[in-house]
Amino acid sequence: MPGSSETRYIRLEIINGRSLRVPSDRIPAGIFVSINVDSRRCWKSAIKVLSSDKSVVWGDIVTLSSHASPALSVEIRASCEVDRMLGNGELIGTLQTSWDELLDHGDEPFNLSFPSVRGIHPSLTLKATIVHTYDNQNDALSDPVVDCGITRDTDAGHTQFAKYMTSKSVSHLNDAVEHFQSVLDQCPVSHPDRAAALTNLAWAHLQGYTEGHLQDIDTTTSLFRDALALRPRHHPDHPLSLYNLTEALNWRHNNKRTAADICEAAQLYHELLPLCPEGTYLRSIMTGKDCVDYVIRGCNKLPIDASDEGIHLRRDVLELVPVSVPEGHSDRGDYLNNLAVSLGHRFHHQGKPNDLDEAISLCEEALRLRPVGHKARDTSLDNLGGALDIRFNKCGDIDDITRAVSLYREALTLRPPGHPTRDTTLNNLALALEIRYDKLRVREDLNEAIDLYHESLRLKRLDDPEPHISLLNLSSALCSRFTHTQKNEDVEEAITLCQESVAAMSSLHPDRYFSYIRLQEAYVSRYEILHDPADLSLAIGNFRLASGHPTRGFPDRIQTALHWVDKAERHKHDSALEAYQICLELFDSHVMTRSSTISRREAAAAFSRARSLPVDAASWAIRHDNLRQAVELAEQGRGQQWSLASRFKTPVEDLESVNPTLAHKYLELSKRVSNAAQSSATITDRAAADRAAIVYRRLTRQWEAAVVEIRDLRPFSRFLLPPLYEDLQAAARQGPVIILIASQYSCSAIIVPTSGDPHHVPLPSVNLVDLTNLKDRFARAIRQASRMNPRESRTDLIVLSRIIWDVIMLPIVNVLEHVLKLKRRSRIWLCPTAAFTSIPLHAANPFQTKPDRSKEPCLEDLYICSYTPTLSALVRSRQLMKKRVPPSFVTIGQGQPGAGKGKALLAVDSELELVHKLVPATANRTTISGDAATRANALEALQQNTWVHLACHGKQDPKQPYNSHFVMKDEHLTLLDIMERDIPHAEYAFLSACHTAVGDEETPDEVIHLAAGLQFSGFKSVVGTLWEVDDAVAKHVVEAFYKYMFRDSEEGVMDCTKAAWALNCATHVVKTKVPLEQRMVFVHIGV
């Protein structure tokens, strides 16, 4: 009872606390209550996070004995650490009371009010009751924190710092800094309290800086950064350390205006927000005007940045905006617009279609937030119109440009005469009308555009920073009108306007590119009417300047160079070769910027005109009697996807002998770039994709620097550069390579002999249209043959094989026989391009009988034919043949692929058994089939064995060839799966599956198919198929092939270079058993 002197047990419940302001104004990691029973022992509540209303809910209960002392002290303290508290925390309030006073309130909760902190009285809500049972909770009492130097200095520092924050006395600040520095000196790098010591010192420095009493903000920032490094992700104090660093960065940006600081703060806030639950004090402070709001405003003032880093920042800022700006708030449209503009700029530089679509979506959202009557609606109308302009130029959907015109007309009504930006909207509307004119040829659109351009120019202020935009746009419209009216004054004015725009800009101004473009348009227009050679020379000069302008993205420069190629070819100008070479170099650089294999192919396929670039360039060299250069150009432009990917798998044995350190550096970077590319291929989130692209480009820059370093070594000056003819001729070491060029300008063949100059074989009886028709007729004939009885004559196929012989292969054979004197049954390699890739050239056959009733020999009677995707691929395979290991042979078969994956292949198991018996017993032989033939097991088998026979369904995806696949029991084994494995010791693969050597519709010169993928991954000799295989019939070819393959072989010797010969013999010997199309279907690729 109150007043009783006997020992009592009191049950004390700490319910909550309110108005808990920290004297130093630091944001605490948490608040706790300390009850000091006597001078030696105290009880501490849990450390709880402070709420946004500066309250804490505990609900902690303890039972204490009153016999030690009739009085006790209650303290409220702020902890600056969650994980491990340094010192006793900062004192918020202390109160002396007695047990009797606590018990005066009966069983009801009551408030304890503490002395004022900055005009506010903290309070605790408690409940105290006497209990009659003793549950030994005195064990909850603990000794005070050990009285050591670190603790004393920390507590003294907190005390002096709190005094400074209320008095602003510099002496208190100096004392606090001195104590905190002493603590840091006692906490070496490995000390568990070092992060807390760094933070305490940094806060004292920061507050001294904000008050003008200290000047060194850089040291403060470094201290916070060091503390954060000691508190990585998942550390309990990681969120508070993130916040601390943002505070220093914001203050430094506020005084120094360093863009990097505000950008870093935005990224830190983006990481921090998800770590701070709603309703916490930290989140309420962070989302206020001095934190997130400040960063958003600061980022909004930064120049628009089209880099991956810049776009990532804009995304971070946009995600921060809803925290401080409610939905529908006018400012949100600005942030949406900034991200949209950044994406639009990146689209111009990198050509990613997703960027443009996202930019339009963002502009649409911004416009919805600005309904009729909104003060900024005109800006959103203009922005969306501009994005639609760009998409129309890319995709050609007339609805886009028509809508853009409507948006600009509405914007113009909101910017009446006298409006400061009316000239901009006049220019935009004129541009949209001109673009629509180019599509629909409605003369009224063009005339209105010219009138609007003139009006826009009249309204331009003398101090306008970008007068060249209207000058250039008007110039373009005048050129368009000149081509119809042929009024010389239009083109003269156009040229004058362009020259004025050039004079108004520095040499590296980004828009100078457009001046060059408009000038070449004007000169070409005048040349095509007046035929003055000087105009054509001037036009070419501007093509050269525009395609080389460093501030423009690769897509724009590629389009310019392609246009240059077309004009040079059309007007037979000598600069065509230069234009082709620039195109190929730009194209290579552009595709290299993409971080994944699939995105590289998408980048290549985006330029439809570029598909024929390699063969057109080679054709130009042929037409100008430069056959060596024709070979180099065809090789440089063909197989680009393989070439780019193989850069990261280039052998460096020679380099290792000269500079092993540099070789190791190059190989490590190659591996890291390749891994980054593979990981980015699976990312779908746009922000994550941006982050992956940033990593990829950083690694690529390091890799490129290593390549430059290698080229500085004299023997390696051409390391990874397009190979010269002398390098490529190594592909013909064991027999001539025949490159078949299918260009819109000419169709011909180049024979690369074992030594000496290449030989040109004109093919005057065939053109590109003929080849396309021949390809289509073959496809129909194959489909028809598949439905015929095996013994029926394949009349259509015979006719087509004769055409191939007569118009394509016979002229080539004549040179092989009569010029090169090539012996019969020698090996030759076919390297088809463009439309030739879809025609079974090896099946060329005259199907004629001699007077003595013997048959005229076909191509495969005369020579052993193989294919190669590129000359470099063949050279690389031969180089890798130097590294041979004991052979191991695996047969992989999947005849029961499961529902929806194709019909059952009933002959697969017997084929596998047959192959297993024919393989020499000295080889390590394994078989994977049935349920074991899964994607994972097949991949593992490819990596662990040197020889592979694969029997299953094969599917070629003509639209996305990297999705071409072998059908396994569970998942598909894709071409991309195979490419991503490096299998340097692999030697040979037989792909007894459908469509394994059929290429890509959109980039035919890339030869992207399953057989080429295996060759790229390391298999030197591959047998593939051009169309569907009948597994019941194919096993006859398989049996004959392996009998020849291993006939007369020395004990234990397996030679993959015999595969072409074995296939040739096999298709001859099974003529009576296997129909023509099932013999023609098999082709050999590689050594």
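Two strands are said to pair if DSSP finds at least two bridges between them. Strands here are DSSP runs (E, at least two residues), as helices are runs of H or I with at least four, numbered from the N terminus.

Good morning, colleagues. The model is predicted, so local features need pLDDT of at least 70 and side-chain atom pairs count only at pLDDT 80 or more, while totals for chains, interfaces and linings use all residues. Residues are numbered from 1 along each chain as its sequence is written, and side-chain values use heavy atoms, with hydrogens and water left out.

I begin with the sheet. Strand β2 (residues 30-36) and strand β5 (residues 71-79) run antiparallel and are joined by 7 bridges. Within this pair, N36 stands opposite S73 in β5. The open sheet contains 4 strands in the order β3-β2-β5-β6, with antiparallel pairing. Because β3 (42-44) and β6 (90-98) stand at the edges with a single partner strand each, one side of each is left without a neighbour in the sheet.

I turn now to helix α3. Its 16 residues (170-185) should span 22 Å at 1.5 Å a residue, and the end C-alpha atoms are 22 Å apart, which agrees; the expected span is 1.5 Å times one less than the number of residues.

Which residues of α3 are buried? They are L173, A176, V177, F180, V183 and L184, where buried means under 20% relative accessible area, exposed over 50%, and partly exposed in between (1.4 Å probe, protein chains only). The face turned away from the buried side of α3 carries the exposed residues E178 and D185.
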